[in-house]
Amino acid sequence: MSEQKKSRFKKERKTGVFDYTLLFIVLFLLCFGLVMLYSVSSYEANLKFGDSAYYLKKQLFATIFGIVVMVGVTFVNYHLWDHMPFIAYFASLGLIFLVLTPLGYEANGAKRWIKVGFSLQPAEVAKVGMIIFFAAWVSRFGKRIQSLKSTLFTIGLAIPVALSILLITENLSSAIIIFCIVLMMIFVATPNYKEYFLIGAVLIGIAAIVVLLVSKGILPEELSYRFSRINAWLNPEKYASTTGFQTLQSLYAIGSGDIFGKGLGQSMQKLGFIPEAQNDMIFSIICEELGLFGATAIILMFILMIWRFLIIANNASDEFGALLVVGVMAHISIQVILNIAVVTNAIPNTGITLPFISYGGSSIVFLLAEIGLVLSVSRGIRLEN
Amino acid sequence: MKNRKPEITLSKQQNDKRFSMRMQKKLAVLFALILVAFLTLSVRLFAINRDNGEKYKKQVLSQQEYDSVTLIAKRGDILDKNGSKLAVSQKVYNVILDAKKLNSSDGEFLEPTLQAIYSTGISFLYTKEELRDFIRQNPSSQYRVIAKKQSFDVTSPLMDMLNNPAEYPDIKGIWLEDNYQRQYPYNSLACDVVGFVQGDNEGIYGLEEYYNDSLNGTNGREYGYLNDDENLERTIKPAQDGNTIVTSLDVNIQSIVEKHILAFNEQYKDAFREGNGSSNTGVIVMNPNTGEVLAMASYPVFDLNNPRDTNGLKVEMPQMTVKDANDPDDPEAEENAETQETQETEETPQTEEGAENAGTATMMVSPMTDPSLMGEAYEEAFEQAKMEALNALWKNFCINSTYEPGSTMKPFTMACGLEEGLLTGNENYRCEGVLNVGGHEIHCSNRLGHGDLTFSGALENSCNVAFMKIGATIGRSTFMKYNKIFNFGLKTNIDLAGESRTDTLVFDESVMTPTDLAVGSFGQGFNTTMIQMITGFCSLINGGYYYQPHLVTKILNSEGATIRAVEPRILKQTISAETSEKIRELCVNVVALGTGRSARPAGYMIGGKTGTAEKLPRGNGNYLVSFIGFAPADDPQIVIYTVIDEPNAKEQASAKFATVLTRDILTEVLPYLNVFQTEELSEEEAAELAEKQLLFSNGSTLEEETEEETPEAEENAEGEAAENADTEEEDKEEETERKIQFDPETGYAIDPTTGDLLDPETGRPIDSNVSDLADVTTSPITFVDEE
């Protein structure tokens with residue numbers, strides 16, 4: 001975009017810019033998510049709890065709470081967060097370690113939650129914390145981190161948090177997401193390209209080697225359940241009754257959806273075949289019920305949302321605000337991409353939820369808080385004369 | 001920020017901090033990369049649909065079928081003629097454990113759930129500890145039956161908990177599965193007739209097996225299907241409950257019959273040899289005018305609610321010697337054997353106690369068998385022996401056992417001769433106690449001979465010699481023709497499972513010898529079943545109509561509507577009404593004047609015929625005694641057939657065992673059926689009857705009924721009774737007066753042909769092992785006898 005165009009664009013906007021487009025997209029996704037959640041979870045909820053709206057009610061409560069948080073954050077001047085990068089950093093780290101205390105508790109076989117009146121997933125906090133920390137860090141030392149060495153050092157700052165999420169809460173997907181968020185933020189903040197493609201190539205290379213070793217049986221899958229997931233990814237039919245079950249059922253759901261799907265509420269795969277379909281696998285039920293058309297529509301909504309982030313970042317009144325938006329954009333786009341990739345078996349199965357749609361209280365509240373940040377940044381956009 | 005003035009926001013410092021063009025460019029690159037990723041995934045979605053869509057669609061549909069739920073149908077009831085329930089299906093619940101769900105949330109539900117379910121009073125298959133171990137070892141098990149067939153009362157507290165997840169949030173991984181439990185409210189009553197079920201309502205023996213399909217109904221299903229719009233719809237095909245069958249059995253008559261059978265067997269228990277009062281006792285009561293079975297019982301019985309209970313069952317182990325397992329030369333082995341024998345005896349009292357409780361027989365374990373020494377082989381042999389004993393117990397003696405009928409055959413033989421005009425009923429016979437047929441000496445039951453007998457007298461005294469002569473008169477082919485007419489050798493096709501075939505156990509006309517004909521004429525040499533005999537006998541006395549014997553009179557659907565009514569079915573006319581009339585008279589004479597006297601219940605006149613069949617091998621002193629009769633004499637309402645196999649007595653060869661049992665049963669059954677007394681009661685009889693009523697009925701209404709006497713009957717009966725008494729005595733004197741030689745030392749009579757010592761009163765050999773048929777060896781199946 002040229003400078004001229006940009007000015008014209010800005011002129012069209014009123015003073016005290018507030019991105020209603022983004023707000024509308026978010027509200028649409030939330031409502032759509034609740035409808036889909038009810039469709040997907042009612043059967044299992046009825047079986048398990050005798051109340052088909054069990055999950056819906058909990059999610060509705062979390063959503064309303066999340067909207068309140070979002071509105072609150074929107075009207076807080078986002079520069080407030082600029083003053084507390086270290087608080088954000090160490091709070092994130094500290095909460096993760098709280099999982100080890102009696103406050104931590106386990107569900108579905110993983111110790112990822114802490115209970116402080118309500119249950120909270122420290123990884124979700126860490127994602128916001130990292131976005132704030134790196135936005136503040138980069139905007140402060142912008143010029144100085146452009147050498148390769150200091151770039152690597154900056155990226156390295158994310159490692160303690162990502163590592164503790166991986167080791168303490170055994171949550172590989174959150175660790176990857178955090179690392180990717182940081183990588184994307186630094187990528188935007190620094191002028192280089194080559195190095196990042198190199199890093200990307202190295203990471204892909206390592207992953208390929210691991211996959212190769214596992215598939216050849218050199219790294220026995222007894223070593224880690226993740227290795228068995230790799231095998232299930234490569235050959236889901238062979239592991240149809242074990243690790244490949246969820247993925248395969250998800251593929252069946254997608255494949256049986258056709259162009260326009262079976263119709264809302266008509267999924268068969270949600271009837272006990274896709275375990276906990278309201279979590280990671282909700283997108284496959286969307287495909288089954290609404291078909292490729294519905295799935296594409298949802299993807300377009302996310303693209304629209306990310307495009308709004310792009311606009312807001314480009315027009316943010318300062319670098320900190322812009323980087324905040326870039327962080328949120330990175331977060332949401334990575335999660336959507338990885339979630340759909342898992343559902344379509346493009347990558348090995350790992351627990352990643354679909355933002356705004358999947359079931360999960362912590363996730364929805366912190367996502368809405370992030371949207372609050374973005375809206376707050378958009379409110380700070382001033383018109384140029 | 002909003003309030004800041006534009007000048008400040010446009011300051012250089014602020015401007016430096018703005019998102020630079022370079023960064024915007026990189027952000028655009030990032031956005032492009034993200035778009036590429038989204039595009040790739042969209043293509044992937046499209047590819048999945050294009051490449052595998054059809055396959056996955058089918059896969060989804062085929063999976064869906066597994067989701068259907070079976071709705072279990074209720075098995076129909078079995079009722080007696082008055083609607084009393086002999087067998088019912090009660091709704092029960094299995095408790096299922098889903099360990100995977102129970103283990104969820106870090107096992108926080110485990111203890112509260114265990115605590116809760118064990119406080120409900122349900123009897124679980126495992127203790128709490130065992131269950132905990134199981135859950136630990138099988139954390140992913142999702143279906144484990146932990147309590148079976150619990151009644152509603154017992155499970156209702158658990159149901160309440162499961163229906164209130166809000167109140168009991170900690171109870172997880174437990175659910176209830178509906179089922180039906182077959183119950184027999186009368187326990188062992190009519191056990192052989194009713195049969196029982198095993199596994200998933202598979203009927204075994206009796207009505208349960210014969211009517212299994214009709215009783216079972218059809219399980220329903222809850223399933224999903226696709227409608228025209230390819231939308232999934234769930235639908236329920238309800239279970240079709242099974243049909244109820246109404247039988248002709250009368251619980252009251254059945255109870256009376258079983259009570260007396262039990263009393264008889266208790267009385268003779270361990271009387272001569274150790275064990276039951278008889279090796280088997282069977283009684284059938286039938287309506288001769290319809291072929292409906294009113295009662296059918298045998299002994300010993302078993303509890304239908306617990307058919308596999310071996311307590312009190314006599315399990316005879318095959319002989320296994322300790323030497324098989326030990327070196328015979330090793331003295332220690334013998335010592336061991338001895339010690340173990342002692343242990344064995346110490347253990348036995350326990351089993352004996354159980355046996356007494358069951359009131360049947362004692363568990364016999366061979367002293368030479370020892371579990372610790374024999375190990376698996378012993379276990380196996382014991383299990384096999386146990387199964388054999390159980391199978392024998394479950395079989396219905398009345399339709400399953402084949403035996404030589406003995407003299408109860410004689411009315412059939414006579415009917416054959418009369419119907420064909422070969423006999424007139426005016427014949428006279430002379431009995432010398434023995435007859436030589438085809439070179440074989442065949443004895444009469446009275447070895448001294450009955451002397452001169454009229455046609456009726458031949459039957460009254462059950463004279464074998466006379467019947468051998470009758471048999472010769474009738475001839476082989478006519479005799480066999482009538483055997484076929486009376487259905488001997490063919491199944492009656494009564495509606496019970498397990499009726500025996502007798503087609504290979506009857507004479508083959510083409511190879512039949514005169515000796516076979518001779519013994520066949522008095523019911524030896526061929527086999528029948530009880531149901532064949534009584535069905536044939538009904539036709540002898542009801543005017544010649546051979547009815548299809550049956551138990552089920554009506555089949556009702558689950559709503560109680562009749563879907564099939566079984567009308568009495570005449571299969572054929574066996575003899576003419578005139579011959580039937582004649583046979584009835586002859587049979588009445590048997591009870592009035594002859595061997596059946598002791599079968600007559602006080603106050604009634606009945607007709608019938610006794611039987612004392614000598615069992616194979618001959619000369620072992622084993623007999624099957626029986627009585628077949630009808631009551632009342634002038635208008636038969638019921639036919640009763642009583643068979644006692646090997647009564648537990650030194651002298652088995654007395655039909656008295658059967659006649660007395662019959663009399664006891666009839667004394668109670670006839671008043672119950674509202675049959676009026678026709679005979680005057682002598683003082684003795686009246687006293688005896690009063691005594692019996694006390695003994696039989698515990699304050700039931702039967703007592704009052706029997707005491708009612710019609711003055712008419714008294715008058716009519718007076719003369720007759722006196723007459724009967726006279727004739728009886730005269731007959732006896734006549735018999736014993738004839739040329740008898742007495743053994744000077746013992747005072748016993750001497751058999752003129754063999755020299756055996758005889759009882760002068762009855763003419764029976766003193767040695768109970770002397771066979772009347774000792775000389776008969778020619779035909780493939782051989783023997784004889786009768787009182």
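1. Of the 385 residues of chain A, 51% count as buried, a residue being buried if 20 or more other C-beta atoms, placed from the backbone, lie within 10 Å of its own. This is a predicted model, in which local features need pLDDT of at least 70 and side-chain atom pairs count only at pLDDT 80 or more, while totals for chains, interfaces and linings use all residues. Residues are numbered from 1 along each chain as its sequence is written, with chains lettered from A and ligands numbered from 1 in the order in which they are written.

2. Chain A has 15 helices and three strands; these are DSSP runs, numbered from the N terminus, with helices (H or I) of at least four residues and strands (E) of at least two.

3. Among contacts in chain A between residues at least 6 apart in sequence, 70% join residues at least 24 apart. Contact here means that the C-beta atoms of two residues, placed from the backbone, lie within 7 Å.

4. Residues of α2(A) that meet α3(A) include L30(A), Y38(A) and F49(A), and among their partners in α3(A) are Y54(A), L56(A) and T63(A). The residues of this contact comprise ten nonpolar, three polar and no charged. Nonpolar covers Ala, Val, Leu, Ile, Met, Phe, Trp, Tyr, Cys and Pro; charged covers Asp, Glu, Lys and Arg; the others, Gly among them, are polar.

5. Chain A places 52 residues in contact with 41 residues of chain B. The largest share of the chain A side, ten residues, comes from α13(A). That side divides into 29 nonpolar, 17 polar and six charged residues.

Methods: Buried ≥ 20, exposed ≤ 12 C-beta atoms within 10 Å, placed from the backbone.
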